[in-house]
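Biologist: I have not looked at this one before. Could you walk me through it?
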Amino acid sequence: MYGLHGKMTAQPGQREALLAALLRGAEMLGDLDGCYAYIVSRASDDADAIWVTEVWRSPADHQASLSHEAIRSLITEARPLIAGMSDRSEFEPVGGKGVPA
């Protein structure tokens with residue numbers, strides 16, 4: 001398995017719009033094979049920050065999702081709302097609730 005966790009900072013005052021776009025993306029990912037989890041969270045210590053946690057069957061599945069036409073369109077829409085990205089880390093999920101065995 002393959003996981004990603006990272007922090008996005010929205011343009012000032014645009015966090016809710018960015019959250020809405022990311023949540024639409026999460027709905028789209030529900031139809032793609034290989035995505036086990038896509039969790040979008042508000043940061044409690046920063047009014048413009050969002051955390052995203054993803055769990056995929058493989059890095060190739062994650063990469064393939066980025067070429068999906070609807071996902072690419074959503075990325076194009078969301079990009080102007082993003083001021084920056086930081087604290088990105090890759091990890092290997094080994095188990096837990098919601099993680100396939």
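Biologist: Is Gly-98 buried or exposed, and why does it count that way?
Modeller: Gly-98 counts as exposed because its relative accessibility is 58%. The cut-offs are under 20% relative accessible area for buried, over 50% for exposed and partly exposed in between, with a 1.4 Å probe and protein chains only.

Biologist: Before I go on, where do these values come from?
Modeller: This is a predicted model, in which local features need pLDDT of at least 70 and side-chain atom pairs count only at pLDDT 80 or more, while totals for chains, interfaces and linings use all residues. Residues are numbered from 1 along each chain as its sequence is written, and side-chain values use heavy atoms, with hydrogens and water left out.

Biologist: Where is Gly-98 in the chain?
Modeller: Gly-98 sits in the segment after strand E4 (82-91). Helices (H or I, at least four residues) and strands (E, at least two) are DSSP runs, numbered from the N terminus.

Biologist: What does the C-alpha trace span along its principal axes?
Modeller: About 40 × 30 × 20 Å. Of the 101 residues, 34% count as buried.

Biologist: Now the strands. Which sense do E1 and E3 pair in?
Modeller: E1 and E3 pair in the antiparallel sense over 8 bridges; two strands pair if DSSP finds at least two bridges between them. Gly-3 stands opposite Val-55 in E3.

Biologist: And how many bridges join E1 and E4?
Modeller: E1 and E4 have 7 bridges, again antiparallel. Leu-4 has Glu-90 in E4 as its bridge partner.

Biologist: How many residues of E1 are buried?
Modeller: In strand E1 (residues 2-10), 7 of the 9 residues are buried, so the strand is mostly covered.

Biologist: What do E2 and E3 form?
Modeller: A hairpin, with 6 residues between the two strands. Strand E2 (residues 35-42) and strand E3 (residues 49-56) pair in the antiparallel sense over 7 bridges, and Arg-42 stands opposite Ile-50 in E3.

Biologist: Switching to His-62: where is its place?
Modeller: His-62 is in helix H2 (residues 59-65). His-62 counts as buried because its relative accessibility is 10%.

Biologist: Which residues is His-62 in contact with, leaving aside neighbours within four places in sequence?
Modeller: Tyr-2, Leu-4, Glu-54 and Trp-56. Contact means heavy atoms within 4.5 Å.

Biologist: Last topic, Asp-87. What is its phi?
Modeller: Asp-87 has a positive phi of about 50°, although it is not a glycine. Most residues other than glycine have a negative phi.

Biologist: Where does Asp-87 lie?
Modeller: Asp-87 lies in strand E4. At 49% relative accessibility, Asp-87 counts as partly exposed.
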